[in-house]
Amino acid sequence: MENTQPLPLILLIDDDPALLMGLSAMIKKHGYRVVEAEDGNDGLKKAKEVLPDLVLSDVMMPPPNGFELRKLMSLDSRLSSIPFIFLTARSDSDDKITAISDGADDYITKPFVVYELLARIGAVLRRVKIAHERGRDQAKAAAEADLERVRHEILQNFHHEIRTPLSNIMMPL
């Protein structure tokens, strides 16, 4: 049986055309679909259009920069839960703390090891998939509990509705 799930879609945002092209080719080669954006505005527009499975963004780019972009996405209910990884030359601890505090799932500094980047992308996507499955299982369990409650109420009412007329029929005159 073939897997009908589409490959994960990654939105790659960077204002360096050479890095964007090379990273896009490498990510595609490892089994992901990629949409490219050249800056924060283009990234926000494309995020709204394609609703990617993950955003991989530079920090230092024309406004909105990566930090601002993450904040803008967090304000949109359709984009706020999309996993977000920063890929940047900024290695300052304060930047890392800001990124993670503002909702980023990871922060990778350049230069980076390609296989580490791919491993981190895979790890974030696995966590999201597990969380979705857990949420789906919890929703299913809640729906089953509600169904059982309604079934119980219907049977109680049915029992009462049948018993009352039967009691009247069986009562001596």
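**A chat about the fold and its helix α3**

Visitor: How much of the contact in the chain, at a separation of 6 or more, comes from residues 24 or more positions apart?
Guide: In this predicted model, residues 24 or more positions apart account for 58% of the contacts in the chain with a separation of 6 or more.

Visitor: OK, and which pattern does the chain follow along the sequence?
Guide: Reading along the sequence gives β-α-β-α-β-α-β-α-β-α, and the secondary structure comes to five helices and five strands.

Visitor: In what order do the strands sit in the sheet, and is the pairing parallel or antiparallel?
Guide: The five strands form an open sheet in the order β2-β1-β3-β4-β5, with parallel pairing. Because β2 (33–37) and β5 (106–109) each have a single partner strand, they stand at the edges, and one side of each is left without a neighbour in the sheet. On average, neighbouring strands are turned by 20° against each other, direction ignored.

Visitor: How many bridges join β1 to β3?
Guide: Strand β1 (residues 9–13) and strand β3 (residues 54–57) run parallel and are joined by four bridges; within this pair, Ile10 of the chain stands opposite Leu54 in β3.

Visitor: Switching to helices, what does α3 touch on the sheet?
Guide: Helix α3 (residues 66–74) packs on the sheet and touches β1, β3, β4 (84–88) and β5, with its direction making about 170° with that of β4. Helix α4 (residues 93–101), for its part, lies across β4 and β5 and runs at about 150° to β5.

Visitor: Which residues of α3 are buried?
Guide: They are Gly66, Phe67, Leu69, Arg70 and Met73. Seen down the axis of α3, these buried residues fall within an arc of 160°, so they line one face of the helix. What covers them includes β1, α2 (40–50), β3, β4, α4 and β5.

Visitor: And what caps the N-terminal end of α3?
Guide: Asn65 does, through a side-chain oxygen that lies 2.9 Å from the backbone nitrogen of Phe67.

Visitor: Back to Met73, what does that one touch?
Guide: Leaving aside residues up to four places away in sequence, Met73 touches Leu44, Ala47, Val55, Leu79, Ser80, Ile82 and Phe84. Met73 is also one of the residues that touch the most other members of the largest nonpolar core, which has 20 residues; Leu11, Ile13, Val55, Leu69 and Phe86 are the others named. The elements giving two or more residues to this core are β1, β2, α2, α3 and β4.

Visitor: What does the second core include?
Guide: That separate core has 18 residues, including Tyr32, Leu54, Leu117 and Leu118.

Note on methods: Residues numbered from 1 in each chain as written. Predicted model: local features only at pLDDT ≥ 70, side-chain atom pairs only at ≥ 80, totals over all residues. Heavy atoms only, no water. Pairing = 2+ DSSP bridges. Axes fitted to C-alpha atoms, helices over the stretch in contact; angles between N-to-C directions. Contact = heavy atoms within 4.5 Å. Buried < 20%, exposed > 50% of the residue type's maximum accessible area, 1.4 Å probe, protein only. Arc of directions from axis to C-beta. Polar contact = N/O pair within 3.5 Å; in protein donor to acceptor, adjacent residues only side chain to side chain. Core = buried A, V, L, I, M, F, W, Y, C linked by side-chain atoms within 4.5 Å.
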